Amino acid sequence: MRYTQYLLPTLKETPADAEVISHQLMMRAGMIRKVAAGIYSYMPFGLRSIRKMEQIIREEMDRAGAIECLMPMANPAELWQETGRWEKYGKELLRFKDRKETDFCMGPTHEEVVTDIVRNTVKSYKQLPLNLYQIQTKFRDEIRPRFGLMRGREFIMKDAYSFDLDDEGADAAYSKMYQAYRNIFQRCGLNFRAVEADTGAIGGSFSHEFMVLAESGEDAIVSCDTCEYAANIEKAELIYRESKTPPATAELQKVDTPGQKTIEDVAAFLKAEPRQLVKTLIIQTSEDEVLAVLLRGDRELNEIKLTNLLDVDWVLMADDDVVKQTTGAPTGFAGPIELKVRVIADSEVQAMADFVVGGNAVDVHYLGVNLGRDFAVSRFADIRQAVGGDPCPRCASGKFESWRGIEVGHVFKLGTKYSESMNATVLDDQGKARPLVMGCYGIGVGRTVAAAIEQNHDEQGMALPMPLAPFQVLVSMVNPKDDAVREASEQLYRQLLDLGVEVLLDDRDERPGIKFKDADLIGIPLRVTVGSRNLKEGRVELKVRASGEMSLLSVAEAAQAVQQMVDDAL
């Protein structure tokens, strides 16, 4: 492809509404253009990356035994009403009526549609296992679309759905998809982690998120430095290996702490470490219960773990009025001593002795506090948030490392949540009708390309890995008016095309500085510069975009050498 015949409208300035790096660079590099809030056109340069991502997905999904289909964006309300999600999904579900006043929605996901297909076409266990996938445009009416392709309203997604007779088959399907996803992101050249995750609104028994590691990631994750365990901090399991509560060595003592409300302030005032304090959080639940939750002073509550532990819909921090009604004191002075509500403590607290707690009175705390002697705990559990340095729950020697991640894929074991509500059954070998056991598996196609940019860029622009780059090689013709330069550039361009290399020839009549800045911005992995000075010595200059490494190649061997570098990077 020739630059002068290609639509590649780069921008010098960053658009005002582009907040994250991927959004800024995709706009500046001419990959996308905004149509409306959260809705973008894929420009030719960006579409090439999207199509490459899709091809990698197709190859790995096909290899795993999944079958491609294509379902409609417009879904009839009656299918969503069968599962109850028409009412529960919320305003992100864009609803509309057709000319006959029939209710429809724009599909944000396709569990209902695919289950309807299968229940009407699959009748026997002999037709199983079955895994259907599609690569299709979705629409979710996000309240605050932002970050370009990271959180748009309209987006391209690969979604797959597996159907099996029993849990054993469903586990096998899940394992295949899990490995397929690992293969996909490895082939993309991305640094990622597969982390255990909460199932959220989709439901199901367990799930994994695939996270591209990047400093700009919205999600906090931890992974073991020894084994393969990794999890979103909302899900990360924690253990405390001390099994016995140490004996008390101090007497209970009430002290004045004037004006000291936060853990940090109290610790500094008492010349103690935050880990020697126990914070008491007053919590309200969806079941109208008020309870106290205890954590070591330097720890944070994991509200999802607590919600799951209590088997309630939600938990939240009590407001100031409830705190005062429960403890007798303003927020900031709560403690477990003489509280009249249920007390739940993180397992780490069980191994503490002679600690500090709030005194349930203004400017008062207790020193030398001990479990059992001074107050009772109804239950100990893992309810704290994981941080780097915590011991791994799966191996004896590992410790957690902390990362920021961008979720690009998610796999769920759904069970029979949708098949039971929609009466999707098959006959087993005994002739008995059994609900299908399902799994679902999604990848954000555009989001993955954006995440790759978040992970691979510098101050000059993008440095996409070879498998996702729109072109593999940029041949930069320094002076098109120089006959020798033009002829050598054209010859190298044709040789690379003949070798199957995806090459963009920069044949513009622009100053070298402009060409080099554009080259760094658009981030094509390899740049071959043809200039008169090196050409006189029979050489061209090669630059590797990601590392900045530069070298000289002979004109005669340049095409073969570049092709080999491309092949090595794929």
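This is a predicted model: local features need pLDDT of at least 70, side-chain atom pairs count only at pLDDT 80 or more; totals for chains, interfaces and linings use all residues.
Which element gives the most to the lining of the second largest pocket?

1. **Lining of the second largest pocket.** Strand E14 makes the greatest contribution to this lining, supplying five residues. E14 spans residues 278-285, and helix H7 (263-269) and strand E18 (355-358) likewise each provide at least two lining residues. The second largest pocket holds about 480 Å³ of space.

2. **Residues of that pocket.** In total, 26 residues line the second largest pocket, and those lying nearest its centre are Lys261, Lys279, Thr280, Leu281 and Gly332. By class, the lining comprises 13 nonpolar, seven polar and six charged residues.

3. **Helices H2 and H6.** Helix H2 covers residues 44-63 and helix H6 covers residues 167-187; the two pack with their axes 9 Å apart, at an angle of about 150°. Because angles over 145 degrees count as roughly antiparallel, H2 is roughly antiparallel to H6. The crossing of H2 past H6 is right-handed.

4. **Contact of H2 with H6.** From H2, the residues that take part are Met53, Ile56, Ile57, Glu59, Glu60, Met61 and Arg63. Their counterparts in H6 are Met177, Ala180, Tyr181, Asn183, Ile184, Phe185 and Arg187. This contact contains nine nonpolar residues, one polar residue and four charged residues.

5. **Helices H1 and H11.** An angle of about 105° separates the directions of helix H1 (residues 21-28) and helix H11 (residues 445-455), whose axes lie 8 Å apart. Angles of 65 to 115 degrees count as roughly perpendicular, and H1 is therefore roughly perpendicular to H11. On the H1 side the contact is made by Ile21, Ser22, Leu25 and Met26, and on the H11 side by Val449, Ala450, Ile453 and Glu454. Six of the residues in the contact of H1 with H11 are nonpolar, one is polar and one is charged.

6. **Helices H12 and H15.** The axes of helix H12 (residues 483-498) and helix H15 (residues 558-569) cross at roughly 45° and come within 9 Å. That angle makes H12 oblique to H15, and the crossing of this pair is right-handed. Leu492, Gln495 and Leu496 of H12 meet Ala558, Ala559 and Val562 of H15. The contact of H12 with H15 has five nonpolar residues and one polar residue, with no charged residues.

7. **A cis peptide bond.** Leucine 128 and proline 129 are joined by a cis peptide bond, with omega at about 0°. Proline 129 is placed in the loop between helix H5 (111-121) and strand E7 (130-139).

8. **A positive phi value.** Where does glutamate 101 lie? Glutamate 101 is in the loop between strand E5 (95-97) and strand E6 (103-106). Its phi is near 65°, which is a positive value in a residue other than glycine.

How values were computed: Residues are numbered from 1 along each chain as its sequence is written. Side-chain values use heavy atoms; hydrogens and water are left out. On a 1 Å grid over the protein atoms alone, a cavity is a set of points where a 1.4 Å probe fits but cannot get out, and a pocket is an open set with protein on both sides within 12 Å along at least five of seven lines; lining residues have an atom within 4 Å of a point. Grid points are joined across faces, edges and corners, and a volume is the space filled by probe spheres set on the points. Helices (H or I, at least four residues) and strands (E, at least two) are DSSP runs, numbered from the N terminus. Ala, Val, Leu, Ile, Met, Phe, Trp, Tyr, Cys and Pro count as nonpolar, Asp, Glu, Lys and Arg as charged, and the others, Gly among them, as polar. Axes are lines fitted to C-alpha atoms, for helices over the stretch in contact, and angles run from 0 to 180 degrees between N-to-C directions. Angles under 35 degrees count as roughly parallel, over 145 as roughly antiparallel, 65 to 115 as roughly perpendicular and the rest as oblique. Contact means heavy atoms within 4.5 Å. A crossing is left-handed if the near helix is turned anticlockwise from the far one by less than a right angle, and right-handed if clockwise.
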